[in-house]
Amino acid sequence: MRRRVAGAVFGTALALTLTAGCGIPDQSEVQVEQRGPAAEASWSLGRGSEPPTRTASGSDAEAFVRNFLAAAAGEPDRAYERVKQFIAAADKPSLQERQGSEVALSVVRLTDDPVIEPDVDSMKVTITVQQVGLLRANGMLVPPLATESTYEFRLISAGPAGQDDAGFYVSDPPNVLLLSDEALRRYYQAQSIYFWNSDRTRLVPDQRYLSSAVPPERRVSEVVRWLTAGPSEWLRAGASGLPDRTEMINNATGADGRWEVNLDMPGADDGRLEQLATQLAWSLPELEGTVEIKILNQSRKVVDLGGQRSSNPLYTLDGTARYCVYDGAIHGLAVTSEPNRPVPVAAEANRGIVSAGLRRAGPDVLAALVVTGEDGKQRLSVGRGRDVVENLVTEPARGHTAISRPVWLRSDHGRPYGLVVADSRLYRFDDQAALRPVQLGLPGRVSAVAAALDGHRVALIVDGALYVAAISWEGGVPTVGPARRLVTSLTRTTAVDWGAENRLLVAGSAGRPAIYDVSVDGALETPLREDAGAEVSHLAAYPTMPLSPYAGSFMYEANGVAYRSNPFERIVRDQVQDVTPPPAGVRPGNPTAPFFLY
């Protein structure tokens, strides 16, 4: 963004002298290209960060504007009070207050720096924004309702004429509570909470935002309220809430590793309480000690949070290995200190390959290969084997012009399923390579699909826009639910994968080809690769695990060249295992379509 502050020095024609200053100096771009995707946000107990007050910016008009866009942050019941401290007395009644659960903040992303221009007795402020979402009082960020791309208001001096250090007030304010995405990142913490899938066999993550001003003694209460309210609307196709009419009785009590939660929970048998215990343990990831669950004031279960997490792991990953496609065959990659592993596809089937999706399923390996036939058409070839996949079944269709990298869905059902894009349509496939079209309810051309570790969420790119959707497993067959579009600053998105439970790696354009880390609701962005060199056609991630101190890794392909992160560097032929040097005078090929097996 370019900073535009008009009228740093004002003429004497102003009836009211307003000194805007020269603004904050431009800073160099943040260098983030030597690390992997941002780790999942976690609690910082007792952080207690409050947004700045009206006077914190002094005479700096732009800093005042940015502080105004942070004023609503914090506990919802005081949002209007904090914002009105920034508003001139005569204009305060124009901001219509809402109460309780109706309090909602319009989260916006500034697409340029504020434009501040002198006027007769004030300064006119114009902010150009992207509507990101609506942050509700329950910590849930839902799709935006507002459609405004600009907001205008005025700044007037808070002191008498000639006093330059009194600061400002806002006049003619917007009639909504605005919150910048910068303030969301700074004054809230993204928190994963967990719901059971419809079969109650696997936990599915959801995301909420917890104000960092909430004191530690109230955080357990907030999380329990989130759980009783149920999953986000877009996730309900793949996750189920607590029993109907479950409510918390008063706030959670306790401290120093001992907590009590009192609920009214119909049908609270031992099985339900055990599942609730696991939800609480993972939804309170940095708390140790015990939580006593009471039902209608009667003690029913004492949960050792750390023990519950240890005995109920979210995901089990049996190591990782890197592979690529080289000269039409899968080969291992020796790019780090990771152990080299053999190619899990038999040699007689390892030919004519364009891209591959491999996954571990217990002791077995699932393989979904995009292969090119003698007719030049691409087809999907699928197989399963112990350590090595020897027998593959190729789809009987007449073939496709282009097929994306296939992805397998993790599930607790016997028959494996996956998703793939073929000729701009989304298909479901099984272990017999039978493709069935998936109805998305979205017009447009699908170009990419990625599956989360839980097997109940997918990310999609449709007509260059980013979506997420939940998956239900009715009858053991995956069905993709209604999709939610995510608002990001990237345009013309081309590739996506899951970098962590609630974070996506997304390739698109930010003026030039780039790769961003984007939260599952689109609100939080971190540039990971600000110049990918060319349009990214392929992206594969090894995700960051919950509570892990290590960032994940990813690899991608742009213009036929493969790259890796940590650090960013080109993947070269010398790193491809088990290849024969080309004859003298023949230029070696490039490794392409890199991927992980885990």
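Colleague: How does the lining of the second largest cavity divide into nonpolar, polar and charged residues?
Modeller: This is a predicted model, where local features need pLDDT of at least 70 and side-chain atom pairs pLDDT 80 or more, while totals for chains, interfaces and linings use all residues. Residues are numbered from 1 along each chain as its sequence is written, and side-chain values use heavy atoms, without hydrogens and water. A cavity is a set of points on a 1 Å grid over the protein atoms alone where a 1.4 Å probe fits but cannot get out, and lining residues have an atom within 4 Å of a point. Here the lining includes Met140, Trp234 and Arg484, and the division (Ala, Val, Leu, Ile, Met, Phe, Trp, Tyr, Cys and Pro nonpolar; Asp, Glu, Lys and Arg charged; others, Gly among them, polar) is four nonpolar, two polar and three charged.

Colleague: Which element gives the most to the lining of the largest cavity?
Modeller: That cavity is lined by 27 residues, with Trp408 and Tyr598 among those nearest its centre. Strands are DSSP runs of E, at least two residues, numbered from the N terminus. Several give two or more residues, including β21 and β29, but the most, four residues, come from β17.

Colleague: How many bridges join β18 to β19?
Modeller: Asp364 stands opposite Arg386 in β19. The two strands run antiparallel, and the bridges joining them number nine.

Notes. Pairing = 2+ DSSP bridges. 1 Å grid on protein atoms, 1.4 Å probe; cavity = no way out; pocket = protein on both sides within 12 Å on 5 of 7 lines; lining within 4 Å.
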